[in-house]
Amino acid sequence: MDYYNRKGFYSIVLQAVIDSSGKFIDTFVGYPGSTHDSRIFHNSPLYHMFNSSSSVIPTNAYILGDAGYPLS
C-alpha cells in the first residue's frame, strides 16, 4: 500500500535534476509514491552534498522546485 499514491494509483518517485542545458546531473529513485517530496529530498545524496562543507556543488548553484523543496 505504500506505493499507492495520493492520486489513487501505484507509483515510484523519481527525483531528477538537470542543468541549464538539459543534461541530467543527479537522479534519485525508488521511494514509494506515497512519500512526500521533501522527505525524499532530505534523504537524497543531493541534499547531503548541498549541506556538506566539502561540497562539489558551486556556492551560487540553485535548485528550482515546488513547495516540497526548502528555500536554502
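Tutor: Buried means under 20% relative accessible area, exposed over 50%, partly exposed in between (1.4 Å probe, protein chains only). This is a predicted model: local features need pLDDT of at least 70, side-chain atom pairs count only at pLDDT 80 or more, and totals for chains, interfaces and linings use all residues. Residues are numbered from 1 along each chain as its sequence is written, and side-chain values use heavy atoms, without hydrogens and water.

Student: Leu 14, buried or exposed?

Tutor: Exposed, because its relative accessibility is 55%. Leu 14 lies in strand 1, residues 12–18. Strands (E, at least two residues) are DSSP runs, numbered from the N terminus.

Student: How many bridges join strand 1 to strand 2?

Tutor: 7, and the strands run antiparallel. Pairing takes at least two DSSP bridges. Ala 16 stands opposite Thr 27. The two strands form a hairpin with 5 residues between them, and Gly 22 in the turn has a positive phi of about 90°.

Student: New topic. How many aromatic pairs are there?

Tutor: The whole structure has 4. One is Tyr 4 with Tyr 10, edge-to-face, 5.0 Å centre to centre and 65° between the planes. Rings of Phe, Tyr and Trp (its six-membered ring) pair if their centres lie within 6.5 Å; planes under 30 degrees apart count as stacked, over 60 as edge-to-face, the rest as tilted.

Student: And why is the Phe 28 and Tyr 31 pair called what it is?

Tutor: Tilted, because the planes are at 50°, with centres 5.8 Å apart. Phe 28 is buried at 18%.

How values were computed
Helices (H or I, at least four residues) and strands (E, at least two) are DSSP runs, numbered from the N terminus.
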